[in-house]
Amino acid sequence: MTATQPSTPPGKTPYLIGSIHELYRIRERAPHLRPHINTVIAQLGLSAAACSGEQQHLLAGAHSYVKALTGGTFTVHCSL
């Protein structure tokens, strides 16, 4: 299968192009595949050193929710 470039010229499509056999192969494999989800939060203005207990509880709750729902990772980027 091939995909067109991100900036598609007129008359082209950004969708994958392939045969009906490739589509059936993907559909057969789909139930056995599990997506991997990485959740990243960039929290401007949040300082790790000055993070309040309430903020920490909120982030911990978000982490637990994301972990339980997706099984993926949860990362918060903030200043030190």
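**Burial, exposure and separation in a predicted model**

Reader: Is T70 buried or exposed in this structure?

Author: The model is a predicted one. T70 has a relative accessibility of 17%, and the limit for burial is under 20%. T70 therefore counts as buried.

Reader: Which helix holds T70, and which residue's backbone oxygen does the side chain of T70 reach?

Author: T70 belongs to the run of residues 53-70, which is helix α2. At a distance of 2.8 Å, the side chain of T70 reaches a backbone oxygen, that of V66.

Reader: With which residues is T70 in contact, leaving aside its neighbours within four places in sequence?

Author: The residue in question is a buried one, at 17% relative accessibility. Once neighbours within four places in sequence are set aside, the contacts of T70 are with R34 and I37.

Reader: Is H36 buried or exposed?

Author: H36 is placed in the loop between α1 and β1. Its relative accessibility is 59%, and the exposed class begins over 50%. H36 therefore counts as exposed.

Reader: Which residue's side chain is joined to that of H36 by a polar contact?

Author: Leaving aside neighbours within four places in sequence, H36 is in contact with G72 and T73. The polar contact between side chains has a length of 3.0 Å, and the partner of H36 in it is N38.

Reader: How far apart in space are H36 and P10, C-alpha to C-alpha?

Author: Along the sequence, H36 and P10 are 26 residues apart. In space, their C-alpha to C-alpha distance is 34 Å.

Reader: How far is G53 from L23 in space, C-alpha to C-alpha?

Author: G53 is located in helix α2 and, at 38% relative accessibility, counts as partly exposed. G53 and L23 are 30 residues apart in sequence, and the distance between their C-alpha atoms is 50 Å.

Reader: What distance separates the C-alpha atoms of A50 and F74?

Author: A50 sits in the loop between β1, residues 38-47, and α2. Its 58% relative accessibility places A50 among exposed residues. A50 and F74 lie 24 residues apart along the chain, and their C-alpha atoms are separated by 20 Å.

Note on methods:
Residues numbered from 1 in each chain as written. Predicted model: local features only at pLDDT ≥ 70, side-chain atom pairs only at ≥ 80, totals over all residues. Heavy atoms only, no water. Helix = DSSP H or I, 4+ residues; strand = E, 2+ residues; numbered from the N terminus. Buried < 20%, exposed > 50% of the residue type's maximum accessible area, 1.4 Å probe, protein only. Polar contact = N/O pair within 3.5 Å; in protein donor to acceptor, adjacent residues only side chain to side chain. Contact = heavy atoms within 4.5 Å.
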